[in-house]
Amino acid sequence: EKVELQKLVDEPSKTMDGVTVELAANIGTPDDLSGVKSNGAEAIGLYRTEFLYMGRNELPTEEEQYEAYSEVLKEMDGKPVVVRTLDIGGDKELPYLDLPNEMNPFLGFRAIRMTLDNQELFRTQLRALLRASQHGDLKIMFPMIATIDEFNRAKALLIEEKDKLVEEGEKVKEDIEVGIMIEIPSAAIIADQFAEVVDFFSIGTNDLIQYTMAADRMNESVSYLYQPYHPALLRLIKMVIDAAHKEGKWAGMCGEMAGDAHAIPLLLGLGLDEFSMSASSVLKARKQISGLKKTDMERLAARAVECKDTDEVLALVEEYVGRV
Ligand code: PEP
Ligand code: MG
């Protein structure tokens, strides 16, 4: 089976009826790039930059970050690279930052909430990204966005830093796409309004599921509620994809769900444009997609969002694509 999958490394990701989607990989460090290539990922859909900040005693400098981002962009040789700005807090701590101890860290001071409040730290990362942009197809993504105001404030800082760099004579790519993660229900619910101001969405289901079901993604005793195929989730995902398309924007997914064989038929049917997963899942996903018809999956998805629970959805998936 491995040999058979390996043949798909340089193939496009295309359904039986000729619809192409993008299969991308999630990475944490430049060291992950070899896996990205050997598994034939067409892009980086999520570069989790927090690893640059973790396991050390001080913030990474602009230069260190510039090196890391540039390396990834160069290695990807013009293929899209979505870099997510620092997503710390919640389950991920930084001892040297002295973040508050919180009763509900997952509902607390994390990601964009923290970086908007620590502007020097945020501006340094944005500058490193902007300078690296000349080396490839960089897209910048903000995590944990709940309101349009947060996006506007983050984007304004990005534009300020860009203008400064240009004034200093630095080369910065002109048309960098700027998007957001959809991992908070409020953002999904007003996705139509976000779609007017962002360039793309990437749905972060790892968090979107926990916030939609109000079930901590690390808590075993409520893990029964952590249901990726629940119709409530599927409806939110549909809203996000439809909103993006209505404004001519693209919608991707970088949560675990994007590489899940039960979810892929549903996501294809809902119209997802980009699937970003661990590199080791890419070839399997490409093979699965090559055996599906988009038109059939659209019918499956239309029925799935009307289901009443996860079991009904899974039974429907089986009816359309057989046992996964
Ligand atoms: C997500 O929430 O789905 C996601 C991709 O981000 P992380 O897993 O890093 O929180
Ligand atoms: Mg997340």
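The legends below describe close-up views of one predicted model. Residues are numbered from 1 along each chain as its sequence is written, while chains are lettered from A and ligands numbered from 1 in the order in which they are written. Local features need pLDDT of at least 70 and side-chain atom pairs count only at pLDDT 80 or more, whereas totals for chains, interfaces and linings use all residues.

**View 1**

**View 2. Helix H6 and its surroundings.** H6 covers residues 119–132 and spans 20 Å from its first C-alpha to its last, close to the 20 Å expected at 1.5 Å a residue (the expected span is 1.5 Å times one less than the number of residues). Its buried residues include Phe 122, Leu 126 and Leu 130. A residue is buried if 20 or more other C-beta atoms lie within 10 Å of its own, exposed if 12 or fewer, and partly exposed in between, with C-beta atoms placed from the backbone. Among the elements that the buried residues of H6 pack against are helix H4 (62–76) and strand E5 (137–142).

**View 3. Phe 109 in a loop.** Phe 109 lies between E4 and H5. Phe 109 is partly exposed because 14 other C-beta atoms lie within 10 Å. Beyond its neighbours within four places in sequence, Phe 109 is in contact with Gly 89, Leu 99, Pro 100, Glu 102 and Met 114 (contact: C-beta atoms, placed from the backbone, within 7 Å).

**View 4. The largest nonpolar core.** Of its 95 residues, Ile 44, Ile 180 and Val 240 touch the most other members. Helix H11 (residues 231–246) supplies the largest share, eight residues. Such a core is a set of buried Ala, Val, Leu, Ile, Met, Phe, Trp, Tyr and Cys residues joined through C-beta atoms within 7 Å.

**View 5. Strand E9 and its partners.** In E9 (residues 274–277), Glu 274 and Ser 276 on one side and Phe 275 and Met 277 on the other are all buried. Strand E2 (residues 20–27) runs parallel to E9, joined by four bridges (strands pair if DSSP finds at least two bridges between them). Glu 22 has Glu 274 as its bridge partner.

How values were computed
Helices (H or I, at least four residues) and strands (E, at least two) are DSSP runs, numbered from the N terminus. Two residues are in contact if their C-beta atoms, placed from the backbone, lie within 7 Å.
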